[in-house]
Amino acid sequence: MTSNDTSIKEPLTETKALTVEKVLSVKHWNEHLFSFTITRPDSFRFRSGEFVMIGLPGENGKPILRAYSVASPSYAEELEFLSIKVPDGPLTSKLQKIQPGDQVYLGRKPTGTLVTDAMLPGKRLFLLSTGTGLAPFLSIIRDPDIYDMFDKIVLVHSVRRVSDLAFRETLESRLEGDPLVEDEAKEQFAYVPTVTREEFHTRGRIHQLIDDGTIFQDTMFNRKYFDPETDRIMLCGSMAMIRDFEAYFEKLGFIEGSNSSPGQFVIERAFVD
Ligand SMILES: Cc1cc2nc3c(=O)[nH]c(=O)nc-3n(C[C@H](O)[C@H](O)[C@H](O)COP(=O)(O)OP(=O)(O)OC[C@H]3O[C@@H](n4cnc5c(N)ncnc54)[C@H](O)[C@@H]3O)c2cc1C
Ligand SMILES: NC(=O)c1ccc[n+]([C@@H]2O[C@H](COP(=O)([O-])OP(=O)(O)OC[C@H]3O[C@@H](n4cnc5c(N)ncnc54)[C@H](OP(=O)(O)O)[C@@H]3O)[C@@H](O)[C@H]2O)c1
């Protein structure tokens, strides 16, 4: 047998930076996208919106680690992640094959800027995502604090194909059955999915939905434009989308926030290119 044989599953060893966790469930959304849950160590604390390193052993035994946004809420007993499948990607070509019972590495130190600590208080919160950029927002929208901080939370998810709309049913139901935020979400949460390369009820990139007013439809205020006084923005997705929106919001007078200096919009590059 060769070292590539996936039937060989040597137990992983914890390190100073990494714990070893067990895969609990895996869901494949389509041939490009899957999500999985793993055990959560008691010591693992994170703020909604943060990311952490996830990994598997490489050929030489050294872990292959990549950044992943935590998709589960901070109160959940398990940790959930949403992942791309890059056909020849060093990590995801292997990670996409994990099954319940397998082991993965988990970084001990979550971090990130897509957190409410990096934002000034406001009234409307817009979470703008493309592709797997949805992941941190799945955590944020289930954080009870967010419903105290904002009157309205609008999650926009732009994808190429309808089957890329991961967690669509949960989001369309406005988080029905959520143990903590079900009632708040019914009133305050809006989900705006958009598909750019297939037929769907809402089509076009996020810019288009801003221009035609679609993303403001459900926001209680009759204001179909962004206002730096009351609107707060979180951006997560491809580099190109982030770059475009960074320039867009700065032109509107929004100031980027960080953990040490809260602002009116915050970003995380969910993948680089
Ligand atoms: C802060 C941060 C948070 C991240 N969170 C997530 C997450 O929650 N889910 C997730 O799937 N990935 C996330 N990523 C990307 C992730 O770290 C890896 O790049 C991804 O898992 C692919 O790993 P790989 O080793 O297979 O390929 P890599 O060598 O890392 O990537 C190969 C190429 O695949 C493309 N690519 C990589 N990741 C993505 C992606 N997510 N969507 C579209 N194209 C991609 C890019 O073109 C990249 O150059 C995040 C990255 C950063 C920096
Ligand atoms: N999802 C798929 O069906 C699919 C199929 C084949 C390969 N892949 C591979 O998977 C990788 C990731 O694909 P993905 O679909 O997750 O991510 P993606 O290509 O970034 O597309 C996700 C969404 O972001 C939009 N978008 C892209 N650039 C933008 C920008 N500058 N501003 C605003 N919106 C922007 C896309 O619209 P547009 O459609 O208009 O670009 C799409 O709606 C790709 O590199 C590709 O190699 C994916």
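F46 counts as buried because 20 C-beta neighbours lie inside 10 Å, and a residue is called buried when 20 or more other C-beta atoms lie within 10 Å of its own. The model in which this is seen is a predicted one. F46 belongs to the loop between β2 (33-39) and β3. Leaving aside residues up to four places away in sequence, F46 touches V52, V70, S74 and P110. The C-alpha atom of F46 is also separated by 8.3 Å from that of K109, although the two residues are 63 residues apart along the chain.

V52, one of the residues touched by F46, stands opposite Y68 in β4. Strand β3 (residues 51-57) and strand β4 (residues 63-69) run antiparallel and are joined by seven bridges. These two strands form a hairpin with five residues between them, and there G61 takes a positive phi near 85°.

E21 has V104 in β6 as its bridge partner.

As a general point, strands of a sheet pair through backbone hydrogen bonds, either parallel or antiparallel. How is the pairing arranged in the open sheet of the order β9-β8-β7-β10-β11? The pairing of these five strands is parallel. The edge strands here are β9 (189-195) and β11 (265-269), each pairing on one side only. Neighbouring strands of this sheet are turned by 10° against each other on average, direction ignored.

| Strand pair | Direction | Bridges | Example of facing residues |
|---|---|---|---|
| β3 and β4 | antiparallel | seven | V52 and Y68 |
| β8 (residues 152-159) and β9 | parallel | seven | H157 and P193 |

The largest share, three residues, comes from α7. Which of the 16 residues around ligand 2 come nearest? They are T130, G131, T196, A240 and M241. By class, the shell comprises four nonpolar, six polar and six charged residues.

Finally, the chain may be considered as a whole. It contains seven helices and 11 strands. Along its principal axes, the C-alpha trace spans about 65 × 40 × 35 Å. A compact globule of 273 residues would have a radius of gyration near 19 Å, and the chain has 19 Å, so the two values agree. Of the 273 residues, 41% count as buried, and F46 is one of the buried residues. Among contacts in the chain with a separation of 6 or more, 70% are accounted for by residues 24 or more positions apart.

Methods
Residues are numbered from 1 along each chain as its sequence is written. Chains are lettered from A and ligands numbered from 1 in the order in which they are written. This is a predicted model: local features need pLDDT of at least 70, side-chain atom pairs count only at pLDDT 80 or more; totals for chains, interfaces and linings use all residues. Two strands pair if DSSP finds at least two bridges between them. Helices (H or I, at least four residues) and strands (E, at least two) are DSSP runs, numbered from the N terminus. Axes are lines fitted to C-alpha atoms, for helices over the stretch in contact, and angles run from 0 to 180 degrees between N-to-C directions. The radius of gyration is taken over C-alpha atoms; the globule rule is 2.2 Å times the number of residues to the power 0.38. A residue is buried if 20 or more other C-beta atoms lie within 10 Å of its own, exposed if 12 or fewer, and partly exposed in between; C-beta atoms are placed from the backbone. Two residues are in contact if their C-beta atoms, placed from the backbone, lie within 7 Å. A residue is near a molecule or strand if its C-beta atom, placed from the backbone, lies within 6 Å of it. Ala, Val, Leu, Ile, Met, Phe, Trp, Tyr, Cys and Pro count as nonpolar, Asp, Glu, Lys and Arg as charged, and the others, Gly among them, as polar.
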